[in-house]
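Visitor: I would like to learn how to read the features of a model like this one, step by step. Could you take me through them?

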Amino acid sequence: VLSQIFDAFKARLHDSNSKVNQVALETMHKMIPLLKDNLSPVINMLIPAMVDNNLNSKNPGIYAAATNVIQALCQHIDSSLLLQPFCTKAQFLNGKAKQDLTEKLA
């Protein structure tokens, strides 16, 4: 059930409407502390959706929301669950997003 919910939610995390995108990121930020490690089955799907365009966004609201989500992941989810998806994403990102994720990995 969780994977079905997040399959639908994932599209909102990179919606072409910036307001929808930002609200989705802000909502994700609120859900992470509640769900914690229960997110483990969907974390590999969610991290790319949260990171891909959002950490390099020129929209300050989207960038801030994406940064908050990454911070919440690091605070509330076992780091062993985050290591592989963060490493994979960091390899293929550029600019500010690559720097941000690399700092989290360090």
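This is a predicted model: local features need pLDDT of at least 70, side-chain atom pairs count only at pLDDT 80 or more; totals for chains, interfaces and linings use all residues.

Visitor: How many residues of helix H3 are buried, and which helices do they pack against?

Guide: Buried means under 20% relative accessible area, exposed over 50%, and partly exposed in between, with a 1.4 Å probe and protein chains only. Helices (H or I, at least four residues) and strands (E, at least two) are DSSP runs, numbered from the N terminus. Helix H3, residues 43-51, is mostly covered, with 7 of its 9 residues buried, among them Ile43, Leu46 and Met50. These buried residues pack against helices H1 (2-12), H2 (18-35), H4 (60-76), H5 (79-92) and H6 (95-105).

Visitor: Where is histidine 14, and which residues is it in contact with?

Guide: Contact means heavy atoms within 4.5 Å. Histidine 14 sits in the loop between H1 and H2, and it is partly exposed at a relative accessible area of 39%. Leaving aside neighbours within four places in sequence, histidine 14 is in contact with Asn21, Ala49 and Asn53, and Ala49 is itself one of the buried residues of H3.

Visitor: Which side chains form salt bridges?

Guide: A salt bridge is a side-chain nitrogen of Lys or Arg within 4 Å of a carboxyl oxygen of Asp or Glu, and a search of the whole structure finds 2 of them. In one, arginine 12 and aspartate 15 meet at 3.0 Å, N to O; arginine 12 is partly exposed at 36% relative accessibility, whereas aspartate 15 is buried at 17%. In the other, aspartate 52 pairs with lysine 89, the closest N and O atoms being 2.5 Å apart. That pair links distant parts of the chain, 37 residues apart, with aspartate 52 in the loop between H3 and H4 and lysine 89 in helix H5. Aspartate 52 is partly exposed at 32%, while lysine 89 counts as buried at 14%.

Visitor: How many aromatic pairs does the structure hold?

Guide: Rings of Phe, Tyr and Trp (its six-membered ring) pair if their centres lie within 6.5 Å; planes under 30 degrees apart count as stacked, over 60 as edge-to-face, and the rest as tilted. The structure holds 1 aromatic pair: phenylalanine 6 and phenylalanine 9 are edge-to-face, 6.0 Å centre to centre with 85° between the planes. An α-helix has 3.6 residues a turn, so residues three or four places apart point the same way. Both phenylalanines lie in helix H1, 3 residues apart, about one turn of the helix. Phenylalanine 6 is buried at 2%, and phenylalanine 9 is buried at 16%.

Note on methods
Residues are numbered from 1 along each chain as its sequence is written. Side-chain values use heavy atoms; hydrogens and water are left out.
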